[in-house]
Amino acid sequence: MYDDTPEYQFSTSASAVPTDADSTGKDLYAYGDVEKQHHEYTDNEHDYLRENERWPTEEEATTWVRVADHVPRAAFLIIITEFCERFTYYGVSGIFQNYIQNGYKVPNSNPGAINGGKQMATGLGNFFQFWCYITPILGAIIADQWWGKYKTILVFAMIYLVGDIILTLTSIPASILHNGALPGLIIAMIIIGLGTGGIKSNVSPMVADQYQRHRPFIRKLKNGKEVLIDRDATIQSIFNWFYWAINVGSLSAIATTELEHNVDFWPAYLMPTLMFVVCIAVFWLGRNKYVRKPPTGSILSKKAGHVITDASGKQATWMEYAKPTNMVEVPSNVTWDDRFVDELRRTLKACKVFLFYPVYWLCYGQITNNLVGQAGEMDTGSVPNDIMQNIDPLFLIIFIPLFDKLFYPGMRRCGIEIGPVLRISIGFVLAAVAMAYAAIVQHLVYSSGPFYDNPGNNHNNISAAIQIPAYAFIAWSEIFASITGLEYAYTKAPETMKSIVMSIFLFTNCGGAILAFCFNPIAADPKLVENFAICAGLMGAFAFLFYFCFYKYDRKERTANRI
């Protein structure tokens, strides 16, 4: 379903017919609404021109600086929806560590409810992360096979809301005092994880789907200057703002930590639950404005499986044997074409890139568990210890617009193209630096009195402000690695497999959660220095290995996206 605004209208005005050539023999394209040809970039039938736009010449397309287009209005509605959903997710999960670790209303202690200790809190937190990132595969299959992205998001949002309500009701004082908090939390985690999984695999592809222009084109600005509008730069910008909204929403943890500290846990969970009602309402109100792509059936099982089966047992470029044009006789079950095989090859290449992400998510996950626990052993003044994790989204809210509007365009103007592989590598290095710094901070905590390396629920005489650089490095790493991962998953997936490929990327978070489970024995005092140091070493090694394996991909980036 396409929006009925001019963005999706196509015109064949005779006045737009291009002239053949100028005196130098170069093609000239008149401004207007007629397509000259499809170039080598794409044969997408929805490409079009508006007033003051034209197709570029070959020279312009290859030499001009690329700029991003405006973000479509429908995409902004989805971005607002994502803000509300992330407000809920981080609002409830941001206080899990204290909720599980500490006892209820214990004098001179951090807020708590279950009194399960640090290892239980970290373990359940890792389980929740694992569950939230395995369920997107289910959501992707349902969307591709039966419902499409819009309906899948809406139905799973209802499931999500049920989990929020259960969590809120079992966090009231009567439930906590009668040992209902832990079973209620586990049930809520399972339901919320199912709901968020169905949303996550579809909302990020759907936001990028709203931009329907594929070929580069030249636009004349009001000041008379011409700029080359590029789809890749626009998709990158859309995901920047999508991630920006995620982090604005994550600031809800500031409000919920204040509520748990000054009031109780049930109002801290009630506020994000009410926000999720707003989330569902905003998404539903935009139903007539979205670009909705219908389900195409389970491409992964119907086509990709056959391609791999038909190509098995071959040598050399084995996938070439799956192309119908390379078959002596085309079997009746071959329903794909050569283009699909090329796209599947690109998808498998993207998945190889994703194999390096679990170690990154292991480092990133320290924000919500071990760094929160670290702050609990330091002097935070009158500020709750788990509010410190919100420094990360604050940095992102500041720096994402700067990167989107200044840094990346500035690099392109200087002729420096920072490809996806280089961006991801930089992000991995920054994550390693963050973990190394956290290890140094933990050593300083253990070196401070009066409780040294066995503080328990007490504070050593060291300010939690020294944690800030660790959160800054993690935030900068997200701009390079996490946002680029979303962009890479979308742009490298065939049109019929975008939800599936996005769910595979999100599934790498499960790998991070599994690694975190392995780290559980050292995720407690007095071994946290080793925990952070090993994370730093692994991430540094994987950053180097990642760039060594894939640096050639950046050279082929422009060509690969023209398939």
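User: In what order do the 4 strands of the open sheet stand?

Analyst: This is a predicted model, in which local features need pLDDT of at least 70 and side-chain atom pairs count only at pLDDT 80 or more, while totals for chains, interfaces and linings use all residues. Residues are numbered from 1 along each chain as its sequence is written, and side-chain values use heavy atoms, with hydrogens and water left out. Strands are DSSP runs of E of at least two residues, numbered from the N terminus, and two of them pair if DSSP finds at least two bridges between them. With mixed pairing, the order of the open sheet is β1-β3-β4-β2.

User: Why is one side of β1 and of β2 left without a neighbour in the sheet?

Analyst: β2 (66–67) runs parallel to β4 (residues 226–229), joined by 2 bridges, and R66 has L228 as its bridge partner in β4. One side of β1 (53–54) and of β2 is left without a neighbour because both stand at the edges, each with a single partner strand.

User: Which residue forms a salt bridge with R66, and is this partner buried, partly exposed or exposed?

Analyst: A salt bridge is a side-chain nitrogen of Lys or Arg within 4 Å of a carboxyl oxygen of Asp or Glu, and for R66 and E417 the closest N and O atoms are 2.4 Å apart. The pair is 351 residues apart, with E417 in the loop between α14 (391–413) and α15 (420–446).
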